[in-house]
Amino acid sequence: MASLKFDDNNVPYLDLGDGYRIALEGDEYTDAKAKEKAARELRETPDVVEQSLQELRSLLQEEKTLYVPMDNDAFMIKFLRPCKYYAQSAFELIKRYYRFRSKHPDLCDELYPASVKHVYAEGLVHFLPLRDQHGSRILVLECGSKYTNEQLCQAASDEPLLLLCFQTKSFTYEYENLSVRCSR
């Protein structure tokens, strides 16, 4: 079972045991395989990234009701990357992000690793120690016979981390030896 710990710099990580741990990775991938995949799947090339950043900044400058750190490329790329560097889509995503934060401060404020530590301690959410064949992390959300639907709905409404999990693009559900993969 995973446990939340902090390194010497007070940065949180999940200790999965047996020498495995998961930490936030701030570094970009630099190997040729990862860059080729990003270019193929996300249109992530230096030219497209630069053009998308410029277009997104233009759209945000016209929107007077949002305060967005437009000079922070890393922040902007967090919205451009899932939108495959289409600036208009990233702009809409930013607006939805801030609208959600303003409507649900109870879910977004004070969201620190320590505030959701019990989710890991109870085994409701955990990560597999190894990545899949594509290099992606695998998050497991314990459902089924371990928790009732009411418990899961309550947890999702109370816990920002679980709400985030429920908003992902795909899930794998396990119901008593039957796995079902669902995508939105």
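Q: What is a salt bridge?
A: A salt bridge is a side-chain nitrogen of Lys or Arg within 4 Å of a carboxyl oxygen of Asp or Glu. Side chains of opposite charge can pair when their charged atoms come close. This model is predicted. A search of the whole structure finds 6 salt bridges.

Q: Which residues are linked in a network of salt bridges?
A: Glu36, Arg40 and Glu41 form such a network. Within it, arginine 40 and glutamate 36 meet at 2.5 Å, N to O. Both lie in helix α1 (residues 32–42). They sit 4 residues apart, about one turn of the helix. Glutamate 36 is partly exposed, at 42% relative accessible area.

Q: Which salt bridge does lysine 5 form?
A: Its partner is aspartate 15, with the closest N and O atoms 2.8 Å apart. Lysine 5 is in strand β1 (residues 3–6) and aspartate 15 in strand β2 (residues 12–17), so the pair ties together parts that are 10 residues apart in sequence. Lysine 5 counts as partly exposed, at 35% relative accessibility.

Q: Which residue pairs with arginine 57 in a salt bridge?
A: Aspartate 73 does, with 2.2 Å between the closest N and O atoms. Arginine 57 belongs to helix α2 (residues 46–62) and aspartate 73 to helix α3 (residues 73–80), so this bridge ties together parts that are 16 residues apart in sequence.

Q: Is arginine 57 buried or exposed?
A: Buried means under 20% relative accessible area. Arginine 57 has 19%, so it is buried. Aspartate 73, at 36%, counts as partly exposed.

Q: What does the UniProt annotation say about residues 72–97?
A: The unreviewed entry labels them "domain: CRAL/TRIO N-terminal". In the model, this span is 73% helix and 0% strand. Its end C-alpha atoms lie 17 Å apart.

Terms used
Residues numbered from 1 in each chain as written. Predicted model: local features only at pLDDT ≥ 70, side-chain atom pairs only at ≥ 80, totals over all residues. Heavy atoms only, no water. UniProt positions renumbered as here; feature names shortened; annotations may be inferred. Helix = DSSP H or I, 4+ residues; strand = E, 2+ residues; numbered from the N terminus. Buried < 20%, exposed > 50% of the residue type's maximum accessible area, 1.4 Å probe, protein only.
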